[in-house]
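Me: I would like to learn how to read a model like this one, feature by feature. Please give the general idea first and then the case at hand.

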Amino acid sequence: MAKELPLVDAQFDAAVIGGGNAGMCAALSAREAGASVLVLESAPREMRGGNSRHTRNMRCMHEAPTDVLEGAYFEDEYLADLLKVTAGETDPRLARIAIRESLATSAWMRGHGVRFQPALGGTLHLGRTNAFFLGGGKALLNACYAAAEQQGVRVLYDAEVAGLNISRGAFESGTVMLEGEPVTFRAKALVAAAGGFESNLEWLEEVWGEAARNFLIRGTPHNKGKILKSLLENGVESVGDPRQCHAIAIDARSPKFDGGIVTRLDSLPLGIVVNQNGRRFEDEGADLWPKRYAIWGRLIALQPGQIAYSIFDSKVRGRFMPSVFPPVCAQSIPELAASLGLPVDATVRTVNEFNQAVVPGRFDHTVLDGCRTEGITPPKSNWAQTIASPPFLAFPLRPGITFTYLGVRVAESAAVRLKDGDASSNIFAAGEIMAGNILGQGYLAGIGMTIGAVFGRIAGRQAARAAQL
Amino acid sequence: MPHNSDPQRVMAICNACRYCEGYCAVFPAMERQTVFSPADLNYLANLCHNCAECYYACPYTPPHEFAVNVPKMLAEIRAQSYRECAWPHWYGGTILPALAVCLLVFLWGARGATAQSADFYAVIPHSNMIATFGFAAGSVLAMVIVGVLRFWRKSGPVTAPPSGMQSIVTALRDAMTLRYLSGGTRDSNARRWFHHFTFYGFLLCFASTTAAAMDHYLLGLRAPYPSLSVPVILGTLGGIALLIGPAGLYFIKRRRDPAISDPGQNGADVSFLALLFATSLTGLLLLALRDTSEMGILLRLHLGIVLALFVTMPYGKFVHGAYRFAALIRYAFETASPATRKVR
């Protein structure tokens, strides 16, 4: 099929690299503004959409309740929530654009067939701040792709971009691999929406050393960071810490890539977490789980072998979200340690010491219940109960990488900023590749999709305009 | 990790994900447990309306190694529950011969049918008609009721909440409106509308027969009824709907994504649609040609097909409505019951 593509001759107004939420919003918005649009998606059709496949909602500012959002969520509160997690690693002007445009952009997405629903089940705490996609991110992508096809956007799958030809900060042409052969594509403007570099195992190893070999990637295997690297090598200014990534604890038995939401484990604060030497290394009950779960990926990455084990007993079974694989189960701690491959004596000693240190209290896993330990290091500050009621259960844990923070700096028009201070005349960026401008560190549920949608829409519109100049 | 088509494995994935819980009743019902017995599966499979929205929204469908395919998995379990719950069991094997006998008996008699006017009872005496269809309808009804009761029992224990009646009304509304087939995809909406044509067409035909019986027994009016009478108007409307509905459902079925269909059920699905369509077609032809010499053979053909439809009902696709309605009642009971455990 690739042979038939007259890409060498065809000149598009806008080329979009990456067919996730940001890329598709850019494509739809550029098409709406009258541009001819080419989308180059590196995944096959069945796995299209990058990490958006695994998302579920977008954080939306709103001044009054809507059909899917409760109460109100004003700009200042939204920005404050963001600044709290990024500790200032935020360009407030860009953040305010994302926030102010969030509701209007979600309405615009609806216009293209995306459906929303109120928060349900285990996500009620987000019912005021986040609009949920009916069916999740893949359903959102299906709607976007259907709209794009209907509106005449040209989408190529299995189309990995191998190189960009950039001259003095302006895009001229690019090379895309189609069925193993390099093919040139030309466009008057470029939207880079190709994500971060979290699936590039070599790059991860450059940054984190051999430990990175034991990382699991929660999302797409296609975010190799090639476009990011290419832009940075061509004089685009970077943003975000190149050494940071968002990582949580996931089931060690998960696939290397694409395990998504179901591999996540919420059992950690309800028991103890030990490393491969059978020793505890962190206060499992320091704060409420939603505020803490994102620290565990990094903590486990620092442990020997990058592995840890969440151990608990039958008392807390059913008090956390179920996950994809059943826990390892045993009638005694020695038996459990043996089946996990942990040193039996050390593990038994850790559990015994922990049990003796537990101060009696009223256990309530839904609040900071003050059930703590005394006299052990590290302590457990909340939800400390003895691990004594068989069967004993455990999940093996590994760091699960969600995304990386390194990105390209952008202007309010979504144009990438060059190192000499100017903004590029025809290169725009949207989504994870520029999210570091707003989310420089930390994590705020649903803001990635907001940034992707809002700046995707802006980038598409600006790319169409740039193509007309 | 082992990855097979074990429903327990698939539902553990769904239960950990929950992205689909806005689509229909299956996912909220699934979230009420973490271990799935055959009874739970039986229930969940029949609660599923096979809209397939969840398949298209799922990030874990093939080629993902988790290979989740909920609609297909539930369709296979559903087919099994039809087989296991049908009663009496030996009857299943006799369907084809019984069907052949129905058609033959009626057509064989057609040799002598020479009535000129639309006098149906000259072709088949009224008492014969009543005896045959009364017996067939009564047997079918009994068999389907026993089947549904067996299905209910096989789905595990459930307690009616204090507001049980209200739950049944909710379930009835959800069934009559096909609430869980009202997803956004074009196919599922089209299926919903063609199903409405089929179901309400069937009800109109049933109402037409009832109206005719009332005319006969209460008012002493003998068939044939005039064109503007209640039985003929209801029957005509119902008949037209029962042509549109099954035809539409058949064409949607033909172009359905093979990834989500269970080919083992094609026979039951298509034969049910074909019998409904043929019932309606012969009925309308009979109405149009009732004053001609073709009336006799058309009447016999129509009645033969109706009887065949009846005979296949307890073992055919027809039961899906009864089982699904029972599953909706169970779901409404569970939803209203404060005792229902929700796994969080």
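Me: What pattern does chain B follow along the sequence?
Reply: Helices (H or I, at least four residues) and strands (E, at least two) are DSSP runs, numbered from the N terminus. Read in that way, chain B runs α-α-α-α-α-α-α-α-α-α-α-α-α-α, with 14 helices and 0 strands. The model is predicted: local features need pLDDT of at least 70, side-chain atom pairs count only at pLDDT 80 or more, and totals for chains, interfaces and linings use all residues. Residues are numbered from 1 along each chain as its sequence is written, while chains are lettered from A and ligands numbered from 1 in the order in which they are written.

Me: How does the radius of gyration of chain B agree with a compact globule?
Reply: The radius is taken over C-alpha atoms, and the globule rule is 2.2 Å times the number of residues to the power 0.38. For 344 residues the rule gives a value near 20 Å, and chain B has 22 Å, which agrees. The C-alpha trace of chain B spans about 75 × 45 × 40 Å along its principal axes.

Me: Which residues of α8(B) are buried?
Reply: A residue is buried if 20 or more other C-beta atoms lie within 10 Å of its own, exposed if 12 or fewer, and partly exposed in between; C-beta atoms are placed from the backbone. In chain B, 39% of the 344 residues are buried. Within α8(B), Val144(B), Gly147(B) and Phe151(B) are buried. Their cover includes α5 (70–85) and α14 (319–336) of chain B.

Me: What span does helix α8 of chain B reach?
Reply: The expected span of a helix is 1.5 Å times one less than its number of residues. Helix α8 (residues 126–154) of chain B has 29 residues and reaches 41 Å from first to last C-alpha, close to the expected 42 Å. After α8(B) comes Gly156(B), with a positive phi near 95°.

Me: How many residues of chain A are in contact with chain B?
Reply: Two residues are in contact if their C-beta atoms, placed from the backbone, lie within 7 Å. By that criterion, 27 residues of chain A are in contact with 25 residues of chain B. Helix α4 (residues 137–150) of chain A gives the most to the chain A side, with 3 residues. That side divides into 10 nonpolar, 10 polar and 7 charged residues, where Ala, Val, Leu, Ile, Met, Phe, Trp, Tyr, Cys and Pro count as nonpolar, Asp, Glu, Lys and Arg as charged, and the others, Gly among them, as polar.

Me: What is the order of the open sheet of 3 strands in chain A?
Reply: Two strands pair if DSSP finds at least two bridges between them. The order is β3-β5-β4 (chain A), with antiparallel pairing. The edge strands β3 (57–59) and β4 (116–117) of chain A each pair on one side only.

Me: Which strands pair with β19(A), and is the pairing parallel or antiparallel?
Reply: Strand β9 (residues 181–192) of chain A pairs with β19(A) in the parallel sense over 3 bridges, and Val191(A) stands opposite Phe428(A). Strand β18 (residues 415–417) of chain A pairs with β19(A) in the antiparallel sense over 2 bridges. β18(A) and β19(A) form a hairpin with 5 residues between them, and Gly421(A) in the turn has a positive phi of about 105°. Strand β19 (residues 423–429) of chain A is mostly covered, with 5 of its 7 residues buried.
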